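User: I'd like to learn how to read a two-chain model feature by feature. Could you walk me through this one?

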Amino acid sequence: METMIKIIAVFTLLMVMVGFISWLERKILGRMQVRHGPMRVGWHGIFQPIADGIKLLTKELVIPAGADKQLFLMAPVISLIFAVTPFAVIPWGSGQGYITDINIGLVLILALSSLGTFGIVIGGWSSNSKYSVLGAMRAVALMLSYELPLILSLVGVVMLTGSFRLTEIVSAQAQQGLWFVAIQPVAFVCYLLAGTAETQRIPFDMLEDEGSLVNGFFTEYSGMGFSLFVMAEYINIILIGAISAVVFLGGWQRPFPSVEFLAFLDVVPAAGWFLLKVFLFVFLVIWFRGTLPRVRYDQLMYFGWKILLPLTLLSILLTGLYKVLDFQHNLIFYYLITFILSLFCVTYCSKHFYQEETTLKEVRVGI
Amino acid sequence: MPETVEPVETLGTTGTRHLWLNFGPQHPSTHGVLRVLLQLDSEYIRYAQLHYGYLHRGFEKLAENKTYDQFVPITDRLDYLGPFFNTCAFVMAVEKLMGVEAPRRAQYIRVIMMELIRISSHLLWLGAFGIDLGAITPVMYCLRERENILDLIEMVTGARLTHNYFRIGGVGKDLPPEFKDRAVEYLEKSYFEKIKDYDVLLKKNRIFLGRTKGVGIVSAEEAINYGFTGPTLRSCGVPFDLRKNDPYLVYPELKFDIPTGDTGDTYDRYIVRLVELRESAKLVIQALEKLPEGEVMTRDPRIFQPPKDKIFDNVETLIHYCYLASEGINAPRGEVYARVEGARGEFGVYLFSNGTNRPYRLFIRVPTFVNLTIVPKLAQGRLVADLAAILGGFDMVLGEVDK
């Protein structure tokens, strides 16, 4: 019964957050682009997401001629389900602040969230539209290139704690008095980059590239199908933010948990700190969108395989050195090694980055 | 350059077929209704073909049924982002045919308006190009700046899109007295700094460089062979600008530089246009300072309409007025070609007159139509995402391409 209530509570919270983030995104983007964003519905357009939701609910869901009807209707649901389920193991607050706490939490999250690509591929393929198929193809290319660095960037933390259980990862950071972002700065940056790719946002949103693919995999979706895809996208952002908060930013703890002097910060409840950390990532993603152009998907693959992957491997090596050589007591030296090795790694790898010319040399076999 | 690949239907061994994709006519990155037919191999373009004409309105034929005066407002609808260039080319052609010249003040005003509209057009291009590459912020800033330019133009012409300001033998009316101060103040105080800011929004971005450098390379020789003009030609390293090479109006009296690129890729097109934004503003300031006093309309009786108050005094004036209003301008026999350097390249008007008040044949040489012919070649072997960047770099306006 208690679990049931928690599930409903988390789901409701997620839906509210999705609405809020969609409003926040439009407002922040508006500020960045010398305009106001939504201003009409409620105070500074705060009820805009509700108005949008009603509009999308009442709109007709057009199924294109020649589309695979069942798969077409199933795809957004698949996308949403795999976006929502990982929240079963996310610890929102201290104590019992989770729906369930299993010993392979991190593995479960990674497994489920990578399945979300199926929704996109099925949606793109079943739409009977060429733009959608190209978008689905890009989704696969995107998934192949970011998924490995994403997983490898989390390995270091598992090495440090010796557990996949998310609550244990958080409590390990509490015991140490040092968040893992301080021990694993390289992995954290890699995770943020790969995580942005996982959320399929600018600069990695080539699967809904309106410059060349109209709207990518969900070109043909309207009404509720469309809004489910968008909801899945926003929930993915929350998920990536939640994982980065749990794994790198000390979960529900206040900043500097071991410093007594800052104890007054505890007036903010644990879940408050957690949400704050999630929204840091949300803001980062919106900031990217307001600033950066989109990378080409072959460039993303080079980036994923030739820069992110070596960097994450380097980060694992550094974590091993940290554990074996006992660097807890002279962190400065550790940072120095990290900095030098990462710089070397990035310069060496990016030498090959822009050299690749993508021209059609010979006739290749299509799909 | 890859060799031309003819479209083939099937692949021998596996029997899989290539994907045919209609890139347009209704597509966000074709800036209108251009249709590019693509044959794709996964996402690489094997074969591309351009289909023009979805916005064809038959202006050349239309001109044959209009008097010279009546056709002037229609030229605004050709390249609707740089309407002064079209009007100026047409008006200059008729003037050349009749052997008249606009007064010097009118010529200066024409230069000012054309350079202002060049700025406005390049600003809109900069924003739209950002959108093509997925950067959604620059366009907002560019539109804000463009608003200021359009406000200045609105002060003079009363319109923001289709201005209908130039006349055969001059311009419609004189500059308002406060125009000079406002224009100089805006350009000197805020414009140059803003342009510098907008430049930084994209120029030093690693992703932007990756998307534009080395994409759509055209060599200088190729550019000349394909008949390139305008910023697209200059980006290939050919310093050809009609304002310098075939001077018209008062351009010889003004000082300005012509920016050129080295490699002729999309990035160079961006750089060239950005430098032109600055050069055009300098031209406007110079021209405003040198602006002479005097008439803005020629006094040639074949063109000049007598002022209204004189008409009611004198019967000859009334007859003359009625004659001009009903018949229009009677141009002598002959054929002329007048061209101006538009925002996109050489905009030319070829006029054949048989001595009546209507053109016997009017041919309009539009720059983007010619520039775009190389796109199928550039697209070959590139990704679909590159096609958006290449098309964006050419700064096309379909109203002009399709005439």
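User: Let's start with the contacts in chain A that have a separation of 6 or more: what share of them comes from residues 24 or more positions apart?

Analyst: Keep in mind that this is a predicted model. In chain A, 78% of the contacts with a separation of 6 or more join residues 24 or more positions apart. The corresponding share in chain B is 70%.

User: And how confident is the prediction? What are the ipTM and pTM?

Analyst: The model has an ipTM of 0.82 and a pTM of 0.87. For chain B, the average pLDDT is 86, and 96% of the residues reach at least 70.

User: How many helices and strands does chain A have?

Analyst: Chain A has 12 helices and 0 strands, so going along the sequence you read α-α-α-α-α-α-α-α-α-α-α-α. Its radius of gyration is 21 Å, close to the 21 Å given by the globule rule for 367 residues, so chain A is as compact as a globular protein of that length. Along the principal axes, the C-alpha atoms fill a box of roughly 65 × 55 × 45 Å. Buried residues account for 44% of the 367 residues.

User: What does chain B look like in terms of helices and strands?

Analyst: Chain B has 17 helices and 8 strands. Its radius of gyration is 23 Å, close to the 22 Å that the globule rule gives for 403 residues, so chain B too is as compact as a globular protein of its length. The C-alpha trace spans about 90 × 50 × 35 Å along its principal axes, and 49% of the 403 residues count as buried.

User: Is α9(A) largely enclosed or left open by the rest of the structure?

Analyst: Count its buried residues: 21 of the 25 residues of α9(A) are buried, so the helix is largely enclosed by the rest of the structure.

User: How do I describe two packed helices? What angle do α5(A) and helix α6 of chain A make?

Analyst: In general, a packed pair is described by the angle between the axes and the distance between them. Here, the axes of α5(A) and α6(A), residues 166–176, cross at roughly 70 degrees and come within 10 Å. That makes α5(A) roughly perpendicular to α6(A). The residues that meet are A:V157, A:L160 and A:T161 in α5(A) and A:E168, A:I169 and A:A172 in α6(A).

User: Which way do helices α4 and α16 of chain B run, roughly parallel or roughly antiparallel?

Analyst: Helix α4 (residues 104–132) and helix α16 (residues 384–393) of chain B pack at about 175 degrees, with their axes 9 Å apart. Angles over 145 degrees count as roughly antiparallel, and α4(B) and α16(B) are therefore roughly antiparallel. On the α4(B) side you'll find B:A128, B:F129 and B:D132, which meet B:A388, B:A389, B:G392 and B:G393 in α16(B).

User: How many residues does each chain bring to the contact between them?

Analyst: Chain A brings 33 residues and chain B brings 37 residues. On the chain A side, the elements giving two or more residues are α5 (130–161), α10 (270–291) and α11 (297–324). α5(A) gives the most, with 3 residues.

User: What should I look for in backbone angles? Which phi does A:H44 have?

Analyst: As a rule, most residues other than glycine have a negative phi. A:H44 has a phi near 50 degrees, a positive value in a residue other than glycine. A:H44 sits in the loop between α1 (2–32) and α2 (48–58) of chain A, and with 15 C-beta neighbours inside 10 Å, A:H44 counts as partly exposed.

User: Where does B:K403 lie, and is B:K403 buried or exposed?

Analyst: B:K403 lies in the segment after α17 (398–401) of chain B. B:K403 has 22 other C-beta atoms within 10 Å, so this residue is buried. The phi of B:K403 is also positive, near 50 degrees.

Definitions and conventions
Residues numbered from 1 in each chain as written. Chains lettered and ligands numbered in written order. Predicted model: local features only at pLDDT ≥ 70, side-chain atom pairs only at ≥ 80, totals over all residues. Buried ≥ 20, exposed ≤ 12 C-beta atoms within 10 Å, placed from the backbone. Helix = DSSP H or I, 4+ residues; strand = E, 2+ residues; numbered from the N terminus. Rg over C-alpha atoms; globule rule 2.2 N^0.38 Å. Contact = placed C-beta atoms within 7 Å. pLDDT = per-residue confidence, 0-100. Axes fitted to C-alpha atoms, helices over the stretch in contact; angles between N-to-C directions. Parallel < 35°, antiparallel > 145°, perpendicular 65-115°, else oblique.
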